[in-house]
Amino acid sequence: MTYEEAIRQLDNIVRQIETGEMGIDQLTAQLKRAQELIAFCRDTLYKTDEEVQKLLQPETEK
Amino acid sequence: MHYLCQSNLVNVETLTLFELNQRVRGAIDEALPDKYWVRAEMSSVNVNAAGHCYIELVQKHPSGAGMVAKARATIWAGRFRMLRPYFEQATGQAFTAGISVQLLVTVGFHELYGLSFVVEDIDPTYTLGDMAQRRREILLRLEREGTIDLNKELPLPMLPRRVAVISSETAAGYGDFCHQLATNAYGFVFCPKLFPAVMQGDAVEATVIAALDAIAAEEENWDVVVIIRGGGAASDLVGFDTYLLAANCAQFPLPIITGIGHERDATVLDAVAHTSVKTPTAAAEFLIGRTAEAAARLEHLTDSLAAALTTRITAEKQRLQGLALRLPASFAVRKANETAAITLRLQRLRTAVGTLMAEQRHRLEVASKVLAGANPAVILRRGYSITYAPDGHAVRHAADLHEGDILVTRFADGEKKSIVTE
């Protein structure tokens, strides 16, 4: 998942809660999803992931 | 033996090379005594240890193919020390090969060194105009081809953290850029990788395009491309003002950010890039700023989520409370309604019963009056009497009686027996 996609999904959840589109039964599941998305975005902002490490690896081996 | 007829050569002088060159020098001095503004492109510029500057001037054919003129020019060290900073400050462009200049020259001929111009002054406005003209032509061409805004129209990723950097390995600019990214105040993580290129002189076009090609080959690995070079007092930006480089950048599939350290007019490269800033540090700041926006948006969303949840849950609670309150209330209303209905019915019932009773009472009265009229006792009192036959029945017909029958006659005040005689 890209950061942009995560933000888009998060945006969607917030909007659905705000407009009352989301049923109270879905709330718990969607809240869990929202927290996962926030964690993913925070990690992307503040942590170097393995994927990117790999990308930079060959350069240091050369 | 001579090629030509002997007679034609009778009056021909014979000179040494030096003598002939002396005459050439004299002729030139006489024919071209003034100073002249000459416009030309510098194909090479060399400064020797003594500080003298030796220039190769050329004039290209308008079609671009081949040259129509070529000459050497010299700026003596004393003059060059003044002219160079003057020129570079005025144009923001290094005094270097590849640019067009307008020079104030005297024409000289030296017996040993041949024809050479000595430069006395330089007009930076011509160079500025020429550079601007070149840029305009390139931009016009890109506009005609419909490619000029292509890179600008690319969406800038929300999070530009995988950064392909085109720069010179040794350039201070690249170090500044990486340092700036690595030490950003927010603690954001960026992943810059260098794709080396030559950042000045003739090799700019070819090496930058090669670096772009290398990035394009692994396009999915990168969010943005940054082209940077450290800025000096004056920069040699002519290499960035080429059609091929601009066309490549304009059509590049990733957004390009430039920070190539110019102080004046933007280069063609800046004009086609997605975003153009002045320095490598500013380029890093741009990426950090963009990321900070993304982080702020995330925080805002997180807050909105919490607020939306609170609002939603409060609303649900209120709804529930409302329902709970309305439950007994609705019962009470219902009860009151029912009670009222019952009371109404009771009243109607009472009224109906009353009416019915009155009617009945009336009828009873009427009936009892009628009845009172029919009472035999009453009739007897009026003077009538009833005669009973011996079988106990009231006598209604004379024929029913026979001689000797004992009759009982009842009066209002008693009975008397009698015998039928006839």
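**View 1. What covers the buried residues of helix 2 of chain A.** In this predicted model, the cover over the buried residues of helix 2 of chain A includes helix 1 (3-19) of chain A and helix 8 (280-374) of chain B. Helices (H or I, at least four residues) and strands (E, at least two) are DSSP runs, numbered from the N terminus. Local features need pLDDT of at least 70, side-chain atom pairs count only at pLDDT 80 or more, and totals for chains, interfaces and linings use all residues. Residues are numbered from 1 along each chain as its sequence is written, while chains are lettered from A and ligands numbered from 1 in the order in which they are written.

View 2. Look here for Q30(A), A34(A), L37(A), C41(A) and T44(A), which are buried. An α-helix has 3.6 residues a turn, so residues three or four places apart point the same way. On the face turned away from the buried side you will find the exposed residues T28(A), A29(A), K32(A), A39(A) and Y46(A). A residue is buried if 20 or more other C-beta atoms lie within 10 Å of its own, exposed if 12 or fewer, and partly exposed in between, with C-beta atoms placed from the backbone.

**View 3. Where chain A meets chain B.** Here 22 residues of chain A are in contact with 22 residues of chain B (C-beta atoms, placed from the backbone, within 7 Å). Helix 1, helix 2 and helix 3 (50-61) of chain A each supply at least two residues of the chain A side, and helix 1 gives the largest share, eight residues.

**View 4. Strand 9 of chain B and its neighbours.** I256(B) and T258(B) point one way from strand 9 (residues 256-259), I257(B) and G259(B) point the other way, and all are buried. Strand 8 (residues 224-228) of chain B runs parallel to strand 9 and is joined to it by four bridges; I228(B) stands opposite G259(B). Three bridges link strand 9 to strand 10 (residues 275-277) of chain B, also in parallel, and S276(B) is the bridge partner of T258(B). Two strands pair if DSSP finds at least two bridges between them.

Technical notes: Contact = placed C-beta atoms within 7 Å.
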